[in-house]
Amino acid sequence: MAGDLPHSVLFCCDHNAIRSPMAEGIMKKFYGKRVYVQSAGVGNDQEIDGFAIAVCKEIGVDLHRHRARSFDEMQDWGDDLSGFDLVVALSPASQRRALDLTRLFHLDVEYWPILDPAGLGEDRETKLKAYRQTRDQIVDRLIERFGPPDDGVNHGTADD
């Protein structure tokens, strides 16, 4: 299955503030223009998380301009879910919502159980460690699912 790159992927999680924007940004860096990538949340009641921005910046992924959006807003803005080849749910709630929204048309939905780092850690360094763990889980799953990144992409972690 590795290397089977779809034409379009939607990553989703609960708020589109941590996991799905990280996955969107990393996938865009890894596979460039070969795939259309977006992300959404069940809700969009939060802004992009500062720790997510920080740990992605460590590997050359810029998330500071990301704006959270929900499934409903996506549809309102003309991004029809039926236009995606694959939906990757990163939380149980987003998996349920994606399956519910896609029951009317054929669309592959995969569930990747990725750690939600929100609320973990007592200080900045332990929080960053949790967010790095989430980022690295996403990196590993992307490579496992879609194959190695395009040439010249540094896909190592900040500890490399």
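A: One term to begin with: buried means under 20% relative accessible area, exposed over 50%, and partly exposed in between (1.4 Å probe, protein chains only). By that rule C56 is buried, at 0% relative accessibility.

Q: What kind of model is this?
A: This is a predicted model: local features need pLDDT of at least 70, side-chain atom pairs count only at pLDDT 80 or more, and totals for chains, interfaces and linings use all residues. Residues are numbered from 1 along each chain as its sequence is written, and side-chain values use heavy atoms, with hydrogens and water left out.

Q: Which residues sit on each face of β1?
A: S8, L10 and C12 are on one side, with V9, F11 and C13 on the other. Both faces are covered.

Q: Which strands pair with β1?
A: β2 (residues 36–41) pairs with β1 in the parallel sense over 6 bridges. β3 (residues 86–89) also pairs with β1 in the parallel sense, over 4 bridges. Pairing here takes at least two DSSP bridges between the strands.

Q: And which residues stand opposite each other?
A: F11 is opposite S39 in β2. V9 has L86 in β3 as its bridge partner.

Q: New topic. How many disulfides are there?
A: The count is 0. The rule asks for a pair of cysteine sulfur atoms within 2.5 Å.

Q: How many salt bridges, then?
A: The whole structure has 10. Each is a side-chain nitrogen of Lys or Arg within 4 Å of a carboxyl oxygen of Asp or Glu. One of them joins D72 and R97, at 2.7 Å from N to O. D72 lies in helix α3 (residues 71–76) and R97 in helix α4 (residues 92–101), so the pair ties together parts 25 residues apart in sequence.

Q: Which residues form a network?
A: E58, E125, R132, R135 and D136 are linked by salt bridges. R132 meets E125 at 3.2 Å between the closest N and O atoms. For D136 and R135 that distance is 2.9 Å.

Q: Are D136 and R135 buried or exposed?
A: Both are buried. R132 is buried too, with a relative accessible area of 17%.

Notes. Helix = DSSP H or I, 4+ residues; strand = E, 2+ residues; numbered from the N terminus.
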